[in-house]
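Okay, everyone, let's get going.

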Amino acid sequence: MRIVVKVGGTVAEDIAVTTSLLQELKARAGSVVLVHGGGKAVTRISEHFGITPVFADGVRVTSPEEMELVDMVLAGRVNTELVRLAHRAGVAAVGLTGADSSMLSGQLVGDPARNRTATVARVSPEVIELVLARGLLPVIASVGIGTDGHAVNINADEVARAIAVAMAKTDPDVALCYLSDTPGVLHRDQSVIPTITTDAVERFIADGVIQGGMAAKIRSSAAAIEAGLQRVVIGGYQHSGDLEHLLNGGQGTTVTAPEKVDNRSTGRRDE
Ligand SMILES: Nc1ncnc2c1ncn2[C@@H]1O[C@H](COP(=O)(O)OP(=O)(O)OP(=O)(O)O)[C@@H](O)[C@H]1O
Ligand SMILES: [Mg+2]
């Protein structure tokens, strides 16, 4: 199984936790891709420079000025720090952005003069495959090249989804794992929802149970399942082994197609 792991900014900032994760990834070198966000770090820097961050449906609206900061923080600081942390954990990593080898082509979602946020128009996974073939860990920042040839900011959850789906075209056995600052998708009472079917996603958002960054993440998860991915999980990371537990459904939230749940219950009735 190959795995695309996406770490949220706050997870990546916790050195002890990220080191444990990288150590767990070491055993899977050559089969794991690490995608990172860094939204909270971008917000800190933006506010420092007097820019008030704007979000729509949990996704940043990126002014051209803020785009420069997104490049600096994600491609510069967060990506390079993760590669150094991997080095210290004994993992040989290669830092990449979506600009490298035109990996991520972005479709701008609004007026390009005002908003550099894009959706993924095309993924060229060749450079990722090259790095994996050498047994190295690709660490990918979620900035790419717009269809106008200039910098774009793409929500990192969407980047992870698009990369996983692109990789699954050559070998369908790809899992997508979102690691965030929450133990999973939470109910109102803060308990973890163990399984969410894709047809329930919009209802959870409309009801206000799932909001902001998690709404973006659960929509990316549902899109990944609808594109044919077999396994999509959302959870936290605290200790070595947590990735394994998430992948086998022991913790966190598993997102699945409705028919899969139906099949399982049919199976139980037949027993
Ligand atoms: N039902 C919910 N369950 C869990 N988290 C939720 C829920 N509704 C909203 N959230 C929020 O979503 C946040 C996670 O999304 P967020 O975009 O902030 O982080 P990330 O995607 O892991 O990091 P980054 O955006 O830096 O890549 C949580 O910290 C929480 O505040
Ligand atoms: Mg996010």
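So, how do the residues of the shell around ligand 1 divide into nonpolar, polar and charged? They come out as five nonpolar, 10 polar and five charged, where Ala, Val, Leu, Ile, Met, Phe, Trp, Tyr, Cys and Pro count as nonpolar, Asp, Glu, Lys and Arg as charged, and the others, Gly among them, as polar.

Quick housekeeping: this is a predicted model, where local features need pLDDT of at least 70, side-chain atom pairs count only at pLDDT 80 or more, and totals for chains, interfaces and linings use all residues. Residues are numbered from 1 along each chain as its sequence is written, chains are lettered from A and ligands numbered from 1 in the order written, and side-chain values use heavy atoms, with hydrogens and water left out.

Back to the shell: 20 residues surround ligand 1, the closest being Lys6, Ser180, Asp181, Val209 and Lys217; surrounding here means a heavy atom within 4 Å.

Now the polar contacts, meaning pairs of N or O atoms within 3.5 Å. Ser180 puts a polar side-chain atom 2.6 Å from an oxygen atom of ligand 1. Gly38 uses its backbone, with an N or O atom 3.0 Å from a ligand oxygen. And at Val209, a polar backbone atom is 2.8 Å from a nitrogen atom of the ligand.

Taken alone, ligand 1 exposes 630 Å², and the protein buries 77% of that (Shrake-Rupley, 1.4 Å probe).

Which elements give two or more residues to the shell? Those are α3 (39–48) and α8 (212–226), and α8 gives the most, with three residues. Helices here are DSSP runs, H or I, of at least four residues.

That's my bit, thanks.

Conventions
A polar contact is a pair of N or O atoms within 3.5 Å; within protein, one must be able to donate a hydrogen and the other to accept it, and residues adjacent in sequence count only if both atoms are side-chain atoms.
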